[in-house]
Amino acid sequence: MINLEVTGKGSGTQARGQEAMLLATNYHIHTHYSPCAASEMRLPAILDAAEEAGYERIGISDHCYSFDLNSYRIRDLRQELQEAAKERKIKVYLGIEAYILRHRLGSITPQIAGLFDYVLVAPNHYHIRGVAQPTRLHPRILGEHELYMFEATINSPITDVVAHPFVLSPRIFRIAPDRLAELARAMMESIDEKRLVGALRTAQSRGIAIELNPKFLRYGQTHLESFYKLCVELKVRLSFGSDAHMLDEIAPDPQIRAFVDSLELTEEHIWSPELAR
Ligand SMILES: [Zn+2]
Ligand SMILES: [Zn+2]
């Protein structure tokens, strides 16, 4: 296991920077309970991979529709997690990935949300029945809709972290990545910046984090770099989440490391489940 605290990860005797601190955590990992995750995503294998990647804290965040969510099931999940994390140095939290259907309607109740250590809420799970859809894939209309869903997520009582905001998934949109990246860039340019800043200020004051999801790089949506920089400028907290569905998606890749290095993060920028609720 690589221990960043001891080795300093290549920085000699220097203390670790906040960049390393953000990437010492990963709060978006699916287990085999999520229907879309690989069957290799069993807790012991996940924890091995996470320790090998040098993480100090991780969170499990299966889709809310993976289980019949009641307090007994959640208690069992927590027990399973504690069992797997026993005698390991890594700290593991029990999260869940919920989603917004429309303004004032989240996919889980605040009561169920309260049984988890934290809740990721996706504003753009358009592949799920009942989620409000953009009426057309025109940049301005899509931008208006994404902003509406983003605001709805920040205003929801269940949200601790906004999962992958403004990252458009080629799988969900069924559009080739390069064409979708072009649409996503035009969409972001059309978004009313005043409203976006207003939503981010609300997130900041409520302690809601924005997920830094490395998939934006994989999808070629590099225009989102300026969105994450805006979050940093407005002192919104960031949560790193790789949205891993298989073991080799758990570790951060060099590209995201380089990007995080370019952000000037302070301790106030780093979100932790300890801050939730
Ligand atoms: Zn998601
Ligand atoms: Zn996910």
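## Alanine 209 and its surroundings

Setting aside its neighbours within four places in sequence, alanine 209 is in contact with Asp160, Val161, Arg237, Leu238, Ser239 and Trp271. The residue belongs to strand 7, which covers residues 209-212. The structure is a predicted model, and the contacts of alanine 209 are accordingly computed from predicted coordinates.

Alanine 209 counts as buried because it has 29 C-beta neighbours inside 10 Å, where the cut-off for a buried residue is 20 or more. Leucine 275 lies 66 residues away from alanine 209 along the chain, and the C-alpha atoms of the two are separated by 9.9 Å.

## The chain as a whole

The mean pLDDT of the chain is 93, and 94% of its residues reach 70 or more. Over residues 1-15, however, the pLDDT is below 50, and this stretch has 15 contacts in the model beyond near neighbours in sequence. Where pLDDT is low, the predicted coordinates should not be read in detail.

The secondary structure comprises 12 helices and 8 strands. The C-alpha trace spans about 50 × 45 × 35 Å along its principal axes. A compact globule of 277 residues would have a radius of gyration near 19 Å; the chain has 18 Å, and therefore agrees with that expectation. Of the 277 residues in the chain, 40% are buried. Among contacts with a separation of 6 or more, 80% are between residues 24 or more positions apart.

## Strands 1 and 2

Strand 1 (residues 25-29) is mostly covered, with 5 of its 5 residues buried. This strand runs parallel to strand 2 (residues 57-63), and 3 bridges join the two. Within this pairing, threonine 25 has arginine 57 as its bridge partner in strand 2, and asparagine 26 stands opposite isoleucine 58.

## Strand 3 and its partners

Strand 2 also pairs with strand 3, in the parallel sense and through 7 bridges. Arginine 57, the partner of threonine 25, stands opposite lysine 91 in strand 3.

By contrast, strand 3 and strand 4 (residues 105-106) run antiparallel, joined by 2 bridges. Arginine 102 has leucine 105 of strand 4 as its bridge partner. Strands 3 and 4 form a hairpin with 2 residues between them, and arginine 104 in the turn has a positive phi of about 70°.

## Helix 4

Strand 2, helix 4 and strand 3 make a right-handed β-α-β unit. The 15 residues of helix 4 (residues 71-85) should span 21 Å at 1.5 Å a residue; the end C-alpha atoms of this helix are 21 Å apart, and so agree with that expectation.

Helix 4 is hardly covered, since the count of buried residues among its 15 residues is 1. Just after this helix, glutamate 87 takes a positive phi of about 65°.

## Helix 6

Helix 6 (residues 139-155) has 17 residues and reaches 24 Å from its first C-alpha to its last, close to the 24 Å expected at 1.5 Å a residue. Its buried residues are Leu142, Gly143, His145, Glu146, Leu147, Met149, Phe150, Ala152, Thr153 and Ile154. An α-helix has 3.6 residues a turn, so residues three or four places apart point the same way.

What covers the buried residues of helix 6? The elements involved include strand 3 (91-102), strand 5 (118-122) and strand 6 (161-162), together with helix 8 (177-190) and helix 9 (193-206).

Technical notes:
Residues are numbered from 1 along each chain as its sequence is written. Chains are lettered from A and ligands numbered from 1 in the order in which they are written. This is a predicted model: local features need pLDDT of at least 70, side-chain atom pairs count only at pLDDT 80 or more; totals for chains, interfaces and linings use all residues. Helices (H or I, at least four residues) and strands (E, at least two) are DSSP runs, numbered from the N terminus. The expected span of a helix is 1.5 Å times one less than its number of residues. A residue is buried if 20 or more other C-beta atoms lie within 10 Å of its own, exposed if 12 or fewer, and partly exposed in between; C-beta atoms are placed from the backbone. pLDDT is the predictor's confidence in each residue, from 0 to 100. Two residues are in contact if their C-beta atoms, placed from the backbone, lie within 7 Å. The radius of gyration is taken over C-alpha atoms; the globule rule is 2.2 Å times the number of residues to the power 0.38. Two strands pair if DSSP finds at least two bridges between them. A crossover is right-handed if, with the strands pointing away from the viewer, the path from the first strand over the helix to the second runs clockwise.
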